[in-house]
Amino acid sequence: MATPPSLKIEKLLAALEAAEIGQHPVEVHGAMVGLIAGGVEQGRGAWLKPLLELMNDVQALPAELLLLVEELFTDTQARLAERDFGFMPLLPEEEEPLCDRVEAMSLWVQSFLTGIAIIQPGLNKAPQDVREIIADLAAIAQVEIDVAEDEESELAYTEIVEFVRMAAIHCYQEFGPQVDESGAENNSVLH
């Protein structure tokens with residue numbers, strides 16, 4: 001059984017606070033997904049240095065936090081690679097106030113954009129559909145946090161989260177690693 005997002009967020013938040021790292025778990029996950037979707041090298045630990053640059057100024061993480069981050073990376077990478085689109089951004093559950101969820105989504109998207117930009121500095125030369133997705137995500141990152149707690153706002157939030165989820169998957173399909181039989185990474189896209 002999968003761990004609910006709220007428990008993952010709480011556990012990661014406690015470890016971040018214990019390590020005195022002033023980031024929210026959604027920021028860590030967003031940056032991680034941006035790195036993965038951007039095509040960061042998947043080899044043992046190769047992804048960790050760019051994540052540490054974003055999280056902790058390249059400083060090592062305490063053992064408990066490192067273990068949580070490695071588990072989250074493995075789970076996230078596997079979900080992005082699944083053909084049935086099992087990936088979901090790590091965001092607060094619907095029991096949380098909508099304004100808190102919108103703020104968390106905005107932080108997640110900002111961190112995603114930062115992560116993907118580090119791995120893909122030439123995003124302005126990416127295919128047109130990817131550039132449009134990145135522009136839409138940049139607009140979402142600036143979303144107004146003060147939202148009404150009504151059904152219409154809930155529906156809009158759900159639709160935006162689904163767009164963000166599919167945008168991350170699309171970027172992963174565009175830039176993510178394609179491994180050939182020799183084990184070498186090949187960045188060509190298979191359609």
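This is a predicted model: local features need pLDDT of at least 70, side-chain atom pairs count only at pLDDT 80 or more; totals for chains, interfaces and linings use all residues.
**The core**

The largest nonpolar core holds 55 residues. Some members touch the most others: Leu 65, Val 69, Trp 108, Val 109, Phe 112, Leu 137 and Cys 171. Seven helices each supply at least two residues of this core: α1 (5–18), α2 (25–38), α3 (48–56), α4 (63–81), α5 (98–119), α6 (128–141) and α7 (151–175). In soluble globular proteins, nonpolar side chains tend to be buried together.

Take Leu 137 as an example. Leaving aside neighbours within four places in sequence, Leu 137 contacts Val 109, Phe 112 and Leu 113, and also Phe 163, Val 164 and Ala 167.

**Helix α2**

α2 has 14 residues. Its first and last C-alpha atoms lie 20 Å apart, close to the 20 Å expected at 1.5 Å a residue. Is α2 enclosed or open? Of its 14 residues, 14 are buried, so α2 is largely enclosed by the rest of the structure. Gly 39 follows α2, and its phi is positive, near 100°.

**Cysteines**

The structure holds zero disulfides.

| Residue | Relative accessible area | Class |
|---|---|---|
| Cys 99 | 27% | partly exposed |
| Cys 171 | 0% | buried |

Cys 171 counts as buried because its relative accessibility is 0%, and buried means under 20%. Cys 171 is also among the core members that touch the most others.

**A pocket**

The second largest pocket contains about 310 Å³ of space. Its lining has 13 residues. Met 88, Pro 92, Glu 94, Tyr 157 and Val 161 lie nearest the centre of this pocket. α7 gives the most to the lining, with five residues.

Terms used:
Residues are numbered from 1 along each chain as its sequence is written. Side-chain values use heavy atoms; hydrogens and water are left out. A nonpolar core is a set of buried Ala, Val, Leu, Ile, Met, Phe, Trp, Tyr and Cys residues joined through side-chain atoms within 4.5 Å. Buried means under 20% relative accessible area, exposed over 50%, partly exposed in between (1.4 Å probe, protein chains only). Helices (H or I, at least four residues) and strands (E, at least two) are DSSP runs, numbered from the N terminus. Contact means heavy atoms within 4.5 Å. A disulfide is a pair of cysteine sulfur atoms within 2.5 Å. The expected span of a helix is 1.5 Å times one less than its number of residues. On a 1 Å grid over the protein atoms alone, a cavity is a set of points where a 1.4 Å probe fits but cannot get out, and a pocket is an open set with protein on both sides within 12 Å along at least five of seven lines; lining residues have an atom within 4 Å of a point. Grid points are joined across faces, edges and corners, and a volume is the space filled by probe spheres set on the points.
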